[in-house]
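Hi everyone, thanks for making time today.

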Amino acid sequence: MNVTHLECALCGLRHEARVLQNLCIECGKPLLVRYDLEAAAQTLTADSLKDREASLWRYREVLPVDDWTNVVSFGEGWTPLLNANKLAEDLDISINLLIKDESQNPTQSFKARGMTAAISMAKEFGVQKVAVPSAGNAAGAMAAYAARAGMEAHIFMPADTPKANVVECQQTGANVTLIDGLITDCGKIVAERKKDEGWFDVSTLKEPYRVEGKKTMGYELAEQLAVPVGSGSGNHSANRQQPTAYTLPDVIIYPTGGGTGLIGMWKAFDEMQQMGWIDSKRPRMITVQSSTCAPIVRAFENGERFADEFENASTVASGLRVPKAIGDFLILDAIRASGGTAIAVTDEELMAAVAEIGAATGIFAAPEGAACLPALRKLIAAGQISSGETVVLFNTGSGIKYMEVFE
Ligand SMILES: *Cc1c(COP(=O)(O)O)cnc(C)c1O
């Protein structure tokens with residue numbers, strides 16, 4: 001295991017790695033896992049990766065688990081990066097358009113990535129009861145991984161969360177409480193009760209490991225876009241011993257709620273650079289939110305580093321209904337450092353995009369994932385994407401969980 005310590009993302013305070021922790025003991029901000037990347041790079045090589053399992057646990061050198069019998073897994077991650085050529089034909093410029101299809105994860109969303117890491121680590125630390133506030137998909141994933149780990153799961157969700165998310169939690173043995181409020185209200189209840197109840201709080205970015213699971217999307221992009229150096233024949237066995245040139249897309253469009261995936265990928269790029277996989281060039285990171293819950297877009301436009309709570313937040317894209325994110329500064333820092341931006345689209349625009357993406361690609365996208373398409377169009381109209389660029393849209397979940405919003 002290459003973990004050296006945990007580090008506060010804001011004040012930099014060092015924390016012990018082999019202890020169960022939530023937030024920075026000084027400033028209450030998220031803790032990030034730090035690794036000995038020189039050691040990791042010794043064995044995490046293009047050549048070794050060729051023979052590894054088709055799950056995110058292929059990146060074991062940069063994941064936090066110590067004893068591998070603690071890994072709680074359904075085989076998550078290593079999702080396909082699909083071309084969207086037909087969808088690209090309808091755009092005003094010619095680009096290489098790809099969709100990272102996260103709907104193919106266990107429990108049908110990329111929340112599985114975060115939960116496999118968080119629940120594995122909870123198991124490693126001997127946790128028996130876990131609790132989470134969720135806008136929907138995090139709950140379904142948490143319930144599934146907790147059941148698999150033999151842990152008691154306590155889930156708090158807004159009463160108007162998609163029914164599929166409520167039912168899947170109940171059917172996988174979780175204790176579900178529906179709250180008349182938003183995810184932030186659910187979070188307050190978990191925070192108030194966890195000490196007395198003996199729950200470990202797995203709210204995103206309030207524990208250090210969900211972001212580690214989600215960062216693997218960054219590693220996967222590099223591997224899936226890699227070109228074998230000196231290739232041309234397309235003969236993989238002939239290239240086996242040759243160096244691989246990892247590349248990243250020019251633009252990543254990401255539907256942002258808590259921002260865990262965006263923050264995670266940004267961290268992964270930094271790690272990959274330190275391990276010599278890539279140079280300092282980064283994709284432009286684009287946050288997409290619904291115009292009726294757009295705290296990050298508003299803070300970006302106002303030049304702020306921290307985002308105020310978005311009042312009266314509402315959107316059919318339940319995963320984006322996060323009025324206040326604890327990792328706001330990490331999202332905004334990454335967007336700005338990458339030369340990216342933050343864009344709001346309306347619920348009408350993102351719902352129309354579900355059918356459009358579906359018809360052109362066969363992917364039944366979650367409303368959150370579909371939001372990437374109108375955002376892409378706005379970027380192109382504003383001249384912020386050039387022809388020939390490679391653009392990755394993140395379809396973060398499956399539309400199948402959202403039956404109500406298609407009625
Ligand atoms: C949770 C969720 C999001 C937002 O993800 P973050 O990484 O927390 O910003 C987007 N789409 C879907 C389908 C989700 O479940």
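Let me begin with a term that will come up again and again: buried means under 20% relative accessible area, exposed means over 50%, and partly exposed is in between, with a 1.4 Å probe and protein chains only. Now the ground rules. This is a predicted model, so to speak of its limits: local features need pLDDT of at least 70, side-chain atom pairs count only at pLDDT 80 or more, and totals for chains, interfaces and linings use all residues. Residues are numbered from 1 along each chain as its sequence is written, and side-chain values use heavy atoms, with hydrogens and water left out.

For a salt bridge, a side-chain nitrogen of Lys or Arg has to be within 4 Å of a carboxyl oxygen of Asp or Glu. Because they are four residues apart in H9, about one helical turn separates Lys267 and Glu271. Are these two buried or exposed? Both Lys267 and Glu271 are buried.

Now please look at helix H7 (residues 183–197), where Asp185 and Lys188 are three residues apart, so about one helical turn lies between them. Their side chains meet in a salt bridge at 3.9 Å, N to O. Asp185 is partly exposed at 30% relative accessible area, and Lys188 is partly exposed at 47%.

How many salt bridges are there in the whole structure? The search finds 23. Arg18 and Glu124 form one, their closest N and O atoms being 2.7 Å apart. This pair links distant parts of the chain, 106 residues apart: Arg18 is in the loop between strand E2 (14–15) and strand E3 (31–35), and Glu124 is in helix H4 (residues 111–124). Arg18 counts as partly exposed at 33%, while Glu124 counts as buried at 16%. There is also a network of salt bridges linking Lys100, Glu102, Arg113 and Glu220.

On to the aromatics. Rings of Phe, Tyr and Trp (its six-membered ring) pair if their centres lie within 6.5 Å; planes under 30 degrees apart are stacked, over 60 edge-to-face, and the rest tilted. That rule gives 11 aromatic pairs. Take Trp57 and Trp68: the centres are 5.5 Å apart and the planes at 85°, so this pair is edge-to-face. Trp57 is buried at 2%, and Trp68 is partly exposed at 36%. Ring pairs also link Tyr59, Tyr219, Tyr246 and Trp277 into a cluster.

Some rings have a charge over them, meaning NZ of Lys or CZ of Arg within 6 Å of the ring centre and within 35 degrees of the ring normal. The charged end of Arg58 sits over Trp78, 4.0 Å from the ring centre, and that of Lys214 sits over Phe110 at 3.7 Å.

Finally, the strands. E7 (residues 152–158) and E8 (residues 175–179) run parallel and are joined by five bridges, where pairing takes at least two DSSP bridges. Ile155 has Val176 in E8 as its bridge partner. From E7 the chain crosses through helix H6 (residues 163–171) to E8, a right-handed β-α-β crossover. Right-handed here means that, with the strands pointing away from the viewer, the path from the first strand over the helix to the second runs clockwise.

Terms used. Helices (H or I, at least four residues) and strands (E, at least two) are DSSP runs, numbered from the N terminus.
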